[in-house]
Amino acid sequence: MHRRNALLLPVLLPGLAAAQAPRPVPPPSRFIIPYGAGNITDQVARVLAEALVPRWGGRLVADNQPGAGGVLGTLSLIRAPADGSTFAMVSVAALAIVPHLLKPARYDPLTDLVPIAGVSVSSSFLVVNAALPVRSLAELIAYCRARPASDPVFYYSPGNATVPHLNLEALGRGLDFPMQHVPYRTSAAGNTDLLANRVQVSIDSLSITLPHIQAGTLRPLAFNATARHPLFPDVPTFAEAAPGVALLNAWQGTFFPKGTPGPVVEAASRDILETISTPEFAAKLPVGVTPYVMGPAELAETIRRENTRLGALVAAIGLQQD
């Protein structure tokens with residue numbers, strides 16, 4: 001069952017109308033979120049929707065359509081009228097990972113979607129259970145190589161072909177050290193076993209791991225971001241710890257269906273980019289999530305680049321649709 005919530009503000013806030021130039025086209029009224037309530041993309045989408053409602057001065061219906069890793073909601077957007085009334089927030093997994101698993105292909109993210117703007121990007125730590133006798137990525141590599149094949153180091157992900165799964169595969173393959181993947185249905189379930197030392201390693205979202213890092217039950221070895229985390233300045237970034245190994249930061253962007261007129265895209269892109277560039281928007285994002293200020297052309301190029309890289313990794317791993 002789809003979850004629809006109307007975010008209503010029938011009148012513009014005082015002074016807002018005067019501060020903004022007249023909009024050349026009507027704003028969207030339907031916002032597809034291809035994930036369930038509480039998912040990180042859903043959380044970000046609702047922060048964005050709440051910020052856009054007063055700017056657009058009307059009604060915006062948030063329409064959750066979860067299923068198949070974002071595929072169902074993405075297909076719903078593709079089938080929507082290309083008149084600017086419907087847009088969606090889609091994560092990188094549904095744009096550059098899942099399409100390579102679908103046989104036959106259900107959609108082409110490079111041609112069936114029109115990028116509007118990037119919105120948010122998540123950071124993450126490579127963490128190990130604190131009982132594991134390693135304190136750096138180099139020590140983890142040596143420890144994994146020394147383990148017998150019958151007793152490997154295990155890592156969890158919240159499912160096959162998720163961003164944490166592909167990041168750990170890219171890390172192990174790029175640095176030539178073995179670990180055994182254990183997929184879970186949710187991050188919470190995997191993290192429970194990580195804390196119990198039934199699995200030993202993960203690269204999951206900061207909202208999942210940060211409380212346990214601060215409690216000392218998980219140990220961070222590297223940070224997947226462009227700069228070190230201010231709370232853990234001694235933990236290197238992956239660029240420092242593993243130069244040349246490209247990992248993925250999970251990000252979300254907004255899209256219209258193919259054929260949406262240029263002026264509609266330009267107006268929505270301007271509104272969203274101005275909205276996500278405010279301190280108020282950044283302050284309301286979930287922990288570990290920051291604005292991803294990226295216009296249509298740059299977003300399209302990012303999708304193209306990630307499709308090439310992640311498609312090759314999916315093929316190398318031999319992943320197939322569950």
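## Notebook: buried faces, cores and a pocket

I began with V128, which is buried at a relative accessible area of 0% (buried is under 20%, exposed over 50%, partly exposed in between, with a 1.4 Å probe and protein chains only). I am working on a predicted model, in which local features need pLDDT of at least 70 and side-chain atom pairs count only at pLDDT 80 or more, while totals for chains, interfaces and linings use all residues. Residues are numbered from 1 along each chain as its sequence is written, and side-chain values use heavy atoms, with hydrogens and water left out.

**Entry: V128.** I placed V128 in strand 6 (helices are DSSP runs of H or I of at least four residues, strands runs of E of at least two, numbered from the N terminus). Leaving out residues up to four places away in sequence, I found V128 touching V134, L140, Q200, V201, T217, L218, R219 and L221 (contact means heavy atoms within 4.5 Å).

**Entry: helix 7.** In helix 7, residues 187–195, I list S187, G190, N191, D193 and L194 as buried. They sit on the same side of helix 7 because they cover an arc of only 160° around the axis (the arc is taken from the directions from the helix axis to the C-beta atoms). I see these buried residues packing against strand 6 (124–129), strand 7 (154–157), strand 9 (201–205), helix 8 (206–215) and strand 10 (218–224). After the helix comes N197, with a positive phi near 65°.

**Entry: helix 8.** I found L206, T209, L210 and I213 buried here. Down the axis of helix 8 they fall within an arc of 115°, so they line one face of the helix. That set packs against strand 6, helix 7, strand 9 and strand 10. I took T209 as my example: its relative accessibility is 0%, so T209 counts as buried. Beyond four places in sequence, T209 touches V127, N191, D204 and L218. Just after the helix, G216 has a positive phi of about 90°.

**Entry: the cores.** Which residues touch the most other members of the largest nonpolar core? They are L126, L140 and L171, out of 86 residues (such a core is a set of buried Ala, Val, Leu, Ile, Met, Phe, Trp, Tyr and Cys residues joined through side-chain atoms within 4.5 Å). Helix 2, residues 40–56, gives the largest share, 8 residues. Another core, of 13 residues, lies apart from it and includes F125, L194, V199 and F232. Back at L171, I noted contacts with L126, L137, F177, F238, A242, V245 and L247, setting aside neighbours within four places.

**Entry: the largest pocket.** I read off a volume of about 1400 Å³ (the space filled by probe spheres set on grid points, which are joined across faces, edges and corners). Its lining has 48 residues, and N39, G69, A93, P158 and T162 lie nearest its centre (on a 1 Å grid over the protein atoms alone, a pocket is an open set of points where a 1.4 Å probe fits, with protein on both sides within 12 Å along at least five of seven lines; lining residues have an atom within 4 Å of a point). Helix 2, helix 4 (92–96), helix 6 (163–175), strand 9, helix 8 and strand 11 (251–257) each supply at least two lining residues.

**Entry: Y292.** I found Y292 in the loop between strand 12 (289–291) and helix 12 (296–317). Y292 still counts as buried, at 18% relative accessibility.

Entry: Most residues other than glycine have a negative phi, and most peptide bonds are trans. I therefore looked for exceptions. A68 has a positive phi near 55°, lies in the loop between strand 3 (59–64) and helix 3 (71–79), and is exposed at 51%. D176 has a positive phi of about 60°, sits in the loop between helix 6 and strand 8 (180–183), and is exposed at 59%. The K103 to P104 peptide bond is cis, with omega near 0°, and P104 is in the loop between helix 4 and strand 5.
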